[in-house]
Structures are given as structure tokens and as C-alpha cells.
Amino acid sequence: MLTGIFSYLVFFACIVLLLGLVTLGLNLQWGFTGLFNAGVAGFYAIGAYTHAILTAAPQLNFLGNFGMPWIVGVMAAMATTALAAWLIGLITIRLRGDYLAIATFGIAVSIQLVTLNWEGLTGGSQGVTRIPKPLSGVFDTPLAYNLWYFALLAAVVALVYWALERILRSPWGRVLRAIREDETAVVALGKSAQRFRLEAFVLGSTLMGLAGALYVSFIGFVSPFDFLPIVTFQIWAMLIVGGSGNNKGALLGALVVWAIWAASGAAVAKLVPPSHAAQGAAIQVILIGLVLVLMLLFRPRGLVGEQAVVSRHAPD
Amino acid sequence: MKLKTVFISVFFAAGAAHAQQSCPVKVGGVLPLTGSMAPITKKIAQAAELAFEHINAGGGVKGCPVQFILRDDQGQPTVGVDAAKYLVEVERVPAFTGTISSGITGPIISSVTAPSRVVQITCCSTASPFTLDGRSQGYFFRTIPTSKTQAYATASETVRRGFKKTVVIYVNTDFGTDMLRFYKAAVTKLGGEVVAEVPYNDNQPSYRAEVTRALAAKPESMLLIGFPKDAVTIVREWLSLGGTKNVALNNSMRTLDFVKGVGEKFVEDFFGMDNAQVAGPHVDAFNKAFEDKFKHDSKGPGVHTQYDAVMVLGLAMNIAKDLSGPSIREAVRQVHAVNGALVGTGPAEYKKALDLIKAGRPIKYFGATGPIEFDKNGDVTGPALVWRITGGQIVTDRTISIEDMQALMRRVEN
């Protein structure tokens, strides 16, 4: 029982770190630069499918599945997502606020439809199976494997967190915040707002792509159902609940929102008999919505709001 | 050091508690109770509920009542995987049923049930790689027939009728591509040949280009895989351009809409396949029990297969020598033993099965979808039937028994 709970918690923590990584990417875009990216699921999908197609074991009737090493898949996933974000950014980055949201949302839906219909490459609705899990032969129990993967994810997230904190306290980071607050003023000071917006957009999306690659090699399977628009909504909920503009908040938000999601499901299954499971499930969805609304009412800036620190040389 | 000792002793205590069998026996389930699949899931969840009621009324599992813990996947893979992991690790369920969407069943197999060696049976996920790619290590089963049965039967009938060169025109969906793949594998093995593969997209006003491409391969016969509305257009163009009347069809065309759509006199002697729906007392008993309990009929996707999925788990857990994953996995294959005594649906039949199992005798389960027997991959094989069109009517030409189907499977796959 105890090992069971521990084993579940390790698995749970892996999912939190994966979602946290995506939230960090969105935080760079929205929290610091004010880019309303509503196409999170799309960039997540590009990373995931790039990794899946490159690393999965060869299969009949598939264009991809090259059986390449894990690290190649991860690097390529980041590179492909960066390239895609750059191309999409070139077209859309001039759009402000809701216009950018609509454009990116449309692009994410299109990407999901491509994964569903380009069967020769993505396996269509049947998905890509046999995606290798790194070092899966070394560990003989699921718990041992998940512990290793947790350590890997924790290292990646720690590195990303540290790097983000550093660049956001650099002059580059201050320009991003300035753009968020008053773009006209930034342009008046001689900065190319478009270039900075594009850089933040590409960098944030690359993190989403990285998370996608790490997600599929953790699960071992990918299908278009992983990238429905609800994923974008979840990530946004995590960022807003945790505290937009604060990387600690982004990670905390991922933990809290996913915990609400998982715990409410477990609680409903415990309290409601299976004969009323359908009603119980509906209550769970209402419960999730209710908690999110309450959090926003009582902590409108998120659990941890933005810090006033603007430079690592100028402590508050 | 002391902490480590405590850790180890806790670890072993937990392990020992797991090996011991305790009441009630828990079975986990994940279904999309909310989200876009929710409308069809309602009846499927009811079928599962009815099956657990029958199992408990008929004696449970190894003398214990069975507790069903059902979780919602919300139509989201991460939510479904999390729920499955919780059931397997925290609730320690030795067996698991679910789910509907292949996009959620897939990640559950690869990241939860197969690594933890927990038997999983689905009512509804048909994606062919799940049973074929080796990831499930034999822990995954499904009670819904895939397109394989039909494709193999069609291949054998094509060869039996002496058609060597066949062209396949198929609808470009996962159903169509699956059918084509299995048909091609089988017909090649049995001595025939696919001379051209022509995909089509549905809802087009004309298929002249596709038909012309197919005719260019000079086939002796044509297999059309698709749905009636477009099939009518394709067959009309096929015949008007001089195509052969040796036409095989898939099960969707077993409808008078198709026959009348093309015109009775043009489709004489066209033939097709279908999974033989085994009617009979066990199927009727299930339908009646379902209607009595829920006050609506049992028609709908996944209802019958979900009932069978749960009943198979119940029977297999009784046959298994203990409630470990590997034992249950072996036992699932003994639910429909060759020389077994016939048992059907409902609590009385379940009780009969338990008595037979206690006496050490084999059983042969006939469920709400007919005989349930799994092949080596975990797919059900069922009987198939050949139908043909005669005088504007659809008649059954012959049935291919489950034994013949299995012989056919062996011939194709070995």
C-alpha cells in the first residue's frame, strides 16, 4: 500500500514536471512578454511527433520511425519546434492580444488535424506506438524506472528554470517586460519590439516542444488525442493559478492544478458508487471549475505573484 | 541506517499484504464518462455495472465480492493515464477494463498496465497495433472483433472462387487501411494477388479517376471497402466502364440501400463478408437483463462487448491460481476452452461456471457477443459469414465456423 502510494506519487510528479515545463514556456511568452499564445498544444504536438517519428522502431507502411537515439529525438524536437515557431511567428507576431490568440489557436487546431490525417507519417488516429523509453532495459520495475525518469525531468526543469531566471534578469529580460507594459515606449527607446517578441515566442515554444518530446518518451505512445485544445486550456489555468510573470508560480501552478484534477477524480471514485459514476464525473468537472474560479477570486495575481526584481544586480 | 531498516521492513510488509488475497477483490475501470464520448459511454458503463452485479450474484471471485472502481478519463490521455496509474498502484487492482478511445487506451497500455503486469480488457479500442506491436506483452485483450476476421475471410473466399488478380478500392480511413493491410497479407499467403490499391476519399460526386486507375490493372475481381453511399457511385461507374461483375464487398454494404442504390439486376452475385452475429439464448438473456434493469434497450456500440469484457475478467480471476497479473493473463485464454462445458450470460450461468471451475473442469464461455475466444495476440476471433446478392435479396451463402476461422488465421500468420 505504501509503496503503491509512493509509486503513484512519483508518476504524478513526472506528469507535473512535464506540464510545468510547458507552463514555463508559456510564462516566458505571456507572463513576461504579453504574447497571448492560445496554440500551446500545437507546439507541444510538434515536439512530441518529431521525437516519436525519429525514435520509434521501424514499422511497415510508415514514412518515419527511424529508430534513432533518444537524445537525437529530443534535440530534433526542439529544433523543429523552434523552426515552426519562428515561421509562425514571422506571420503572426505583429498581431496583438486577442488577434494573436485567434491565429495561434487556429494553427494549433490545424497541426492537430495534420497529425490525425497524415497517416503515413503519424499513424493517424492509431497513433505511433513503440516509442522507446530511455534506459528502460536497465530498470526492472515500473517504480525504479519512474524514479529515474523523475530525476531526469527534475534535472531538465531545474536547468531550464535556472536559465530562465538568469536571462529574465538580464537586459534582454527587462526589454521583454517593458514590451509587455508599454510597447510604444520601448520602440521609442530604439528597441525592435518585433524582434524581441519573436525571440520570446520562439524560445517559449521550444520549451513546449522539449516537453512534448519528454512526454512521449515517458509514455511510449503518442496520438492526436494528446493535443486537443483542452491541453492549452489546462496550461493556461496552471499559469494563471500559479502566478503569471513568476517562474516559481508557473511550476507551483502546474502542481496545484494537476493535483486538483487528479485528486478530485480519486475522491469522486471513492465517494460515489459506480452506478452513479457518470453523475460523479460531471461533479468532478464542476469541482475543478469551481476551485479554479475561487482561486482567481481570492488570489487574482496567482498563488505567487510577480516579483519586483528586475536585475540580479539590484536586489529588492 | 535505522531509517533504512524501517524502509525495508515497510517495503516487505507492503509486498506481503499485496500477495495475500483480501476481500473484496477490486477491479479497476476507466471510461470517458464526460467529454465528447459521454453520450455512448452511458450504456457502456451500465453494461459494466450489470456484469459486476451478475458476477457478485453468481458468487464473486474466489469467494469474495468484487468491487468495481470506475474512473473518468474525460476524453484526455493524461487524465486517463493518471486514473489508471492510481487504480493500479494505490488501489492495487489486479485487473482493469477500459477504455474507449484508442488515443487513451494506447498510453495506458504502454505506461501503466503492461509495465505493471496488469491484465487490461477493452470493449472498444480497435487500433490494430495494440495487440500486434508486442508492447502489451500479452496483458492486453479486447472483446471487439477487429477488421482482421473480416479481411481474412474475404481473402479466403476470393481465392476459393478462383480469382487470382484482385484490385482493392478502399476508403482512406483507419478502417479502410487496416482492412486493406490484413486482406493483402492474407490473399498473398493464400495464393492470390493484389494488383492495385486505390484509396478514395468519401463524399465525392464522382469516382471516375479512381475506377479508371483500378481498371488499368486489368483485375479478375474487385474488392470494395467503404460505406454504402459512395460505394453505390463507385460500383455504377465501375460497371459502366466495363469492370468485372466479380465484386467483393465489406460488411457495411450488407444493406438493401446499397442493392437498390446500384440497381438489383446489376449487383447479382456480388458477395461479401460479415462477422456472424451469433444469436441465441445467451445473447437474448443479456438483452433482457439489460432492459429489465435500465428500462431501455441495449442497442449501441460497445454495450455487449463491455459486458463480455467484465465477465471474462470475472471468470478468468476464478480460474487463475492466484490474483497476480501473469496468472490472470494465462486464465483469460482458458475462458473458452476447446472441450469446455458451455456457460452463458447472467448470474445463474456464472454460478454454474464457478462450480465447474471448482471441480477442475474446463468451461466454454458464450457471451453477449457470441463465443469469446482470444487469439495469441489478444484479439477475439469470431465466426464469419459469406453473403451474396440474389434476385435483389441478401442471402447467407455459407458460414465460416470459429474453428475454420482459427485454421485460417494459423495458415495466414505462420
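Two residues are in contact here if their C-beta atoms, placed from the backbone, lie within 7 Å. Helices (H or I, at least four residues) and strands (E, at least two) are DSSP runs, numbered from the N terminus. With those two terms in hand, let us walk through the model. It is a predicted one: local features need pLDDT of at least 70, side-chain atom pairs count only at pLDDT 80 or more, and totals for chains, interfaces and linings use all residues. Residues are numbered from 1 along each chain as its sequence is written, while chains are lettered from A and ligands numbered from 1 in the order in which they are written.

Helix H3 (residues 70-92) of chain A packs against helix H9 (residues 193-219) of chain A at an angle of about 145°, and their axes are 8 Å apart. Axes are lines fitted to C-alpha atoms, for helices over the stretch in contact, and angles run from 0 to 180 degrees between N-to-C directions. The crossing of H3(A) and H9(A) is right-handed; a crossing is right-handed if the near helix is turned clockwise from the far one by less than a right angle, and left-handed if anticlockwise. On the H3(A) side, the residues that meet H9(A) include Trp70(A), Gly73(A), Ala77(A), Ala85(A) and Trp86(A). Their counterparts in H9(A) include Leu198(A), Phe201(A), Gly209(A), Gly212(A) and Ala213(A). By type, this contact divides into 13 nonpolar, nine polar and no charged residues. For that count, Ala, Val, Leu, Ile, Met, Phe, Trp, Tyr, Cys and Pro are nonpolar, Asp, Glu, Lys and Arg are charged, and the others, Gly among them, are polar.

Now turn to where the chains meet. In all, 39 residues of chain A are in contact with 43 residues of chain B. Helix H1 (2-32), helix H11 (247-271) and helix H12 (277-298) of chain A each supply at least two residues of the side that touches chain B. H1(A) gives the most, with nine residues. That side of chain A is made up of 23 nonpolar, 13 polar and three charged residues.

A residue is buried if 20 or more other C-beta atoms lie within 10 Å of its own, exposed if 12 or fewer, and partly exposed in between. Leaving aside neighbours within four places in sequence, Ala211(A) is in contact with Leu18(A), Leu21(A), Val22(A), Tyr44(A) and Gly47(A).

Chain B has its own layout. An automatic or database domain assignment gives domain 1 (23-144 + 302-374) and domain 2 (149-275 + 383-413) of chain B. Taken over C-alpha atoms, the centres of these two domains are separated by 34 Å.

Two residues of chain B are worth a stop. Thr97(B) sits in strand S3 (residues 95-98) of chain B and counts as buried because 27 other C-beta atoms lie within 10 Å. Beyond four places in sequence, Thr97(B) touches Gly29(B), Ala48(B), Ile121(B), Ala309(B), Val310(B) and Leu313(B). Trp238(B), in helix H9 (residues 228-240) of chain B, is also buried, with 27 other C-beta atoms within 10 Å.

Finally, look at some backbone details. A cis peptide bond joins Cys23(B) and Pro24(B), with omega about -10°, and Pro24(B) lies in the loop between helix H1 (2-19) and strand S1 (25-31) of chain B. The peptide bond from Gly98(B) to Thr99(B) is cis too, with omega near -5°. Leu135(A), although not a glycine, has a positive phi of about 60°; Leu135(A) counts as exposed because it has 12 C-beta neighbours inside 10 Å. Lys218(B), also not a glycine, has a positive phi of about 50°, and it is exposed, with 11 other C-beta atoms within 10 Å.
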